[in-house]
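Here is a short report on one protein chain.

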Amino acid sequence: MGPKNGNASNSNIDYEDSDDHDISDNIDLNNVKLNTLSANEQEKEDERMWQGVQAFFCNRYTEAQEIFAEKADIDPLYALGQGCISFLKAVTTFNEQDISIAIKQLVSAESLASAQIGAFKSQSSIGSSFGKFISNLNYFGNSNKNQQFMSNGQLRSTVIKAESLLLIALIQLLQESIISYVKAGLNLRRGYKNYEIVWNEINKPGFNVSVDYHTKGGVEFGYGTCNLVLSFMPGKIIKIISAIGYRGNKELGIELLNASLKGRGIRSPLASLLFVTSYTMLTSFSPSTLGPDNIPKAEEYIQDALKQFPGSDFFTFFAGRNLRLKRDLDASTEAFISVNHNLKEGFGVELRRLCDYELGMNYAMTLQWGKAAQCFDTLATENYWSPAFFRYFQAACLEMQGKKKEAIALYIEVPGLSVRKFGGRTILVEQYITRKVKNYMAKNFENTLLPGLEILLIWNSFACMKKEDLIRCLDIVNSKLDTLNNSNIIDSQCMLLLIKSSILNQLHRFQETNQCLRWILDHNGDIVDDKFIEPFAFWEMGVAAFLNENLEKAKLVWEETANFNGYEFEF
């Protein structure tokens, strides 16, 4: 795949196996011209590109796409702009067609950048000594015959090539298969190596080439992103993508991303977006432990971005996510609704669906099960992400309202809707809901327990809920425990006690939490269906210790949790 021009070779990068990921038909790599612009000239030339970036983050999505399309067949930065929009859409929808389009456009950007790099190499090989001298003057920005530096144009192309590879790798990391992880590792390594070329070049002693601020911000953004992503990556994935050969430096990553952000160049809003995504998404995995540090950081970046892009859908969306983590669900809901009102066409449709999902979660966390069911019904009907999961969650919401008959009718639909796959296997959440529904059906839908609260447990949602709603949930669980029948009672009681322990943790009633967890661990050998209960119980035990300021015990318990494997929603 990649360039079809010898001068633009990209070391046979294996982006994907499909022919759909070849470069755009509109690009002729043989006619890619040398970029001889100085830094000042390049900055002036890229003003139009910057206008497109500003339009995108100010919610004028169609205008941004039109601007990027103007030169996407001749300028790799414009092609990268198209690829970035498609990248954001792909990681929003997880739709295979969207992923395919994003990778194809990013390959096109990488190919154009490689072709420009190849043109520089061809130019520098001119045979005559006079020609070499002129080449050095014009294209390497250095009058010293004994030391040749890369020109601004060459640095720019190398950064764009690296960024294209980085975004391809990030898409592949989200595809949840060993093959995609290996491909991601290879592309991440190649992207990192290209960033290293530029980083080492601009830090050479005596480097005297003027670099345009968009390119400078680009290497800071990319080099910083690589380090930050690698530092956050779970050890199990790092082992699979060991071709990278090193771990990321979190502190360096944050420092470089902040430099890119403060430079207010083309990558500045992307740096902001990466920060708020990292802090809000990472915190959502464990709000109790990560929230105190990460929530204020996310808030700072969100407010800074909203000053630069007032009313931005993207940053208002993440404001909603962060408000949820602060337990301010009313303000969080208002934020998602305000974004939803702006989204009517084009890229905005995908953001609207994402907001519908977040609204459904907020309604569930405030026990407004009817409103939550409506959101998940809409998402399932529109075939967003996983219709099977949304239909299941809709049924769970109906059951929480006491509408058992209507819920059963929806549960029965779920196995037929479970077709979502990454890397050739059913996605994890669909494996879970399919198993649950099959168990329900085998037992004639008796002891379905409290499926809405079970999802809130798995999604770490109790840590985002108000005290009064947590007390209501606790009453619901206690009532269900009092009415259990003898059908598979150990599984049922363990599940309900796990939910109860998580609620009690958030109410800081740690003695009661540990009583529930000890009962679960005393009976773990009798659990038949929900094998994730035992590791989740250890996790909640660690949370209890952490919130009770017994950090040593929390660490020991979580180390024990890490020894479990092969269960659903593995840590």
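Predicted model: local features only at pLDDT ≥ 70, side-chain atom pairs only at ≥ 80, totals over all residues.

## Core and surface

Leu-453 belongs to the largest nonpolar core, which has 170 residues. Together with Phe-462, Leu-453 touches the most other members of that core. Helix H7 (residues 152–173) is the top contributor to this core, giving 11 residues. Domain 1 (34–123 + 150–265) and domain 2 (466–570) each supply at least three residues to the core.

Next, the chain as a whole. Its secondary structure consists of 27 helices and two strands. Among contacts with a separation of 6 or more, 68% join residues 24 or more positions apart. The totals are tabulated here.

| Property of the protein chain | Value |
|---|---|
| Residues | 571 residues |
| Buried residues | 57% of the residues |
| Accessible surface | about 24200 Å² |
| Carbon and sulfur part of that surface | 49% of the accessible surface |

Ile-178, Val-182, Leu-186 and Ile-240 form a nonpolar surface patch of about 300 Å². Helix H8 (residues 178–202) gives the most to the patch, with three residues. Ile-240 lies in helix H10 (residues 235–240).

Is Ile-240 buried, partly exposed or exposed? Ile-240 has a relative accessibility of 31%. Buried means under 20% and exposed means over 50%, with partly exposed in between. Ile-240 therefore counts as partly exposed.

Terms used:
Residues numbered from 1 in each chain as written. Heavy atoms only, no water. Patch = residues over 30% accessible without salt bridge, like charges linked within 9 Å, V, L, I, M, F, W, Y side chains within 5 Å. Areas by Shrake-Rupley, 256 points an atom, 1.4 Å probe, with all protein chains shown as cover. Salt bridge = Lys/Arg side-chain N within 4 Å of Asp/Glu carboxyl O. Helix = DSSP H or I, 4+ residues; strand = E, 2+ residues; numbered from the N terminus. Buried < 20%, exposed > 50% of the residue type's maximum accessible area, 1.4 Å probe, protein only. Core = buried A, V, L, I, M, F, W, Y, C linked by side-chain atoms within 4.5 Å. Domains from an automatic or database assignment. Contact = heavy atoms within 4.5 Å.
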